[in-house]
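Dear colleague,

Here is the structure I promised to hand over. My notes on it follow below; please read them with the model open.

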Amino acid sequence: MRHEEQVAMIQRALALIESRGSERGEPDISPVSRYLDASRYQQEVEKIFRQYPLAVCPSASLGKAGDTFAIDVAGIPLVIVRAEGGEINAFVNACRHRGARIKAPGLSSQRVMICPYHSWTYGLDGALRGRPHANEFPHAPASDCSLARVPVAEALGLVWVVPRVVKAGESGAIDMAAWLGRFGNDLRNWGYDSWKPVSERAFDNATNWKIPFEGNLESYHFQYAHRDSIAPMFYDNLLVADHDRQHQRMFLPKRSIEGLRGRPTGEWQVGPHANIIYYFFPATFILHEGDHANAFTVLPEALDRCRVIGSTLVPELPTTEKSVNYWRKNVASFWGALDEDFALGVSAQSTLASGAHEALYFGATECGAARFHRDVEAALRA
């Protein structure tokens, strides 16, 4: 984030603190059918998760040629690979012979990709390089048997994919600068493109995929859900929010921000005095914490189940025991608070089919969650 924008954000926050106010939007409701309708869920997968970029792993996890990462995204098995020239490629993780998965889930490293079923062998560019008894396939020339390519790009220290097969004549590139917009510029100005993972985590969550974002796009819950963890650092229900198309940014000032009053604005920096939530539609969340970031993407697994894949990104990997312990403490603090949020989301999901209510309510300072739902609805109508 450019310094002048940091100053403007801090000034907005200080004015709200002084007036004991908050920025607000329109209150709204969310029908419980949004979380319980199986046909709607399938539409969300098809029209949202298979159409928009999703961050699925840190770029630095695929550091050298042959490093691969296999993951299922919105029902599509993918394999992402670092190619010989350093570029990143992504393919459907399915052999073009009989459809077996080429790579087991997770990270691996190999200069070629070999199907375990019949040993069809693919290069890091997805091209078929060899197969036993090749003369048995006159009807399937090697040029027609490359792995199915998937759109992929790198940005902000992360690998982004759109889980669908590239169409004929399409390049497979994603214009991430255009997609991430001005909030992406914020993070790029902090050097995110070269940041590296110091920790990675993945887990299942027994909720509809939308519920985790509702909990992370408002601060109304901080003083109650996080009273024993992070609440003392932050103000109660203070919202400083912006949006850029479907993306959102929430500025969360810490109580230490008061210490900037009276100091020259040239010395102001948001890092020590605020957390900033960046939400990139439809499912990627980045929490900027000054000297590091915590990122996660929520992927739908079923109507009432999602998978969370997360990482902590830092400018430089730790080289001393002291720095290792510093990051371990920060990672534990982040996931400790997030686990509180995820547990409450599971609690909410468990009541939705009870018939107790027809809709959930979002107050004026929960307008980020309401906006999220409006953008989901617009994407379904598109």
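Ile80 has Ala90 of S5 as its bridge partner. This pair belongs to the antiparallel pairing of strand S4 (residues 76–82) with S5, which is made by 5 bridges. Please keep in mind throughout that the model is predicted. The hairpin of S4 and S5 has 5 residues between the strands, and in it Gly86 adopts a positive phi near 95 degrees.

How much of strand S5 (residues 88–92) is buried? The count is 5 of the 5 residues, so the strand is largely enclosed by the rest of the structure.

Strand S8 (residues 121–122) is joined to S9 by 2 bridges, and the two run antiparallel. Across that pairing, Tyr122 is opposite Leu128 of S9.

On to the nonpolar cores. The largest has 96 residues, and the members that touch the most others are Phe213, Phe251, Ile286 and Phe296. Helix H1 (residues 3–19) is the element that gives the most to this core, with 7 residues. For Phe251, if neighbours within four places in sequence are set aside, the contacts are Met9, Ile10, Ala13, Val240, Ile257, Val270, Ala274, Asn275 and Ile276. Another core, of 17 residues, lies apart from the largest one; Ala65, Val81, Leu124 and Phe137 are among its members.

Next, a helix pair. The axes of helix H3 (residues 38–49) and helix H8 (residues 367–381) come within 9 Å, crossing at roughly 80 degrees. An angle of 65 to 115 degrees counts as roughly perpendicular, and H3 and H8 are therefore roughly perpendicular to each other. On the H3 side the contact is made by Arg40, Gln43, Glu44, Lys47 and Ile48, and on the H8 side by Val376, Glu377, Ala379 and Leu380.

Then the cysteines. How many disulfides does the structure hold? The number is 0. Cys57 is in no disulfide, and the nearest cysteine sulfur, that of Cys306, is 19 Å away. Cys57 is buried, at a relative accessible area of 4%. Cys95 is also in no disulfide, although the sulfur of Cys115, the nearest cysteine sulfur, is 3.9 Å away. The cut-off for a disulfide is a pair of cysteine sulfur atoms within 2.5 Å. Cys95 counts as buried because its relative accessibility is 5%, and the limit for buried is under 20%.

Where is Lys64 found? Lys64 sits in the loop between strand S2 (54–58) and strand S3 (67–73). Setting aside its neighbours within four places in sequence, Lys64 is in contact with Arg82 and Ser109. Lys64 and Cys95 are 31 residues apart along the chain, and their C-alpha atoms are separated by 23 Å.

Regards

How values were computed
Residues numbered from 1 in each chain as written. Predicted model: local features only at pLDDT ≥ 70, side-chain atom pairs only at ≥ 80, totals over all residues. Heavy atoms only, no water. Buried < 20%, exposed > 50% of the residue type's maximum accessible area, 1.4 Å probe, protein only. Pairing = 2+ DSSP bridges. Helix = DSSP H or I, 4+ residues; strand = E, 2+ residues; numbered from the N terminus. Core = buried A, V, L, I, M, F, W, Y, C linked by side-chain atoms within 4.5 Å. Contact = heavy atoms within 4.5 Å. Axes fitted to C-alpha atoms, helices over the stretch in contact; angles between N-to-C directions. Parallel < 35°, antiparallel > 145°, perpendicular 65-115°, else oblique.
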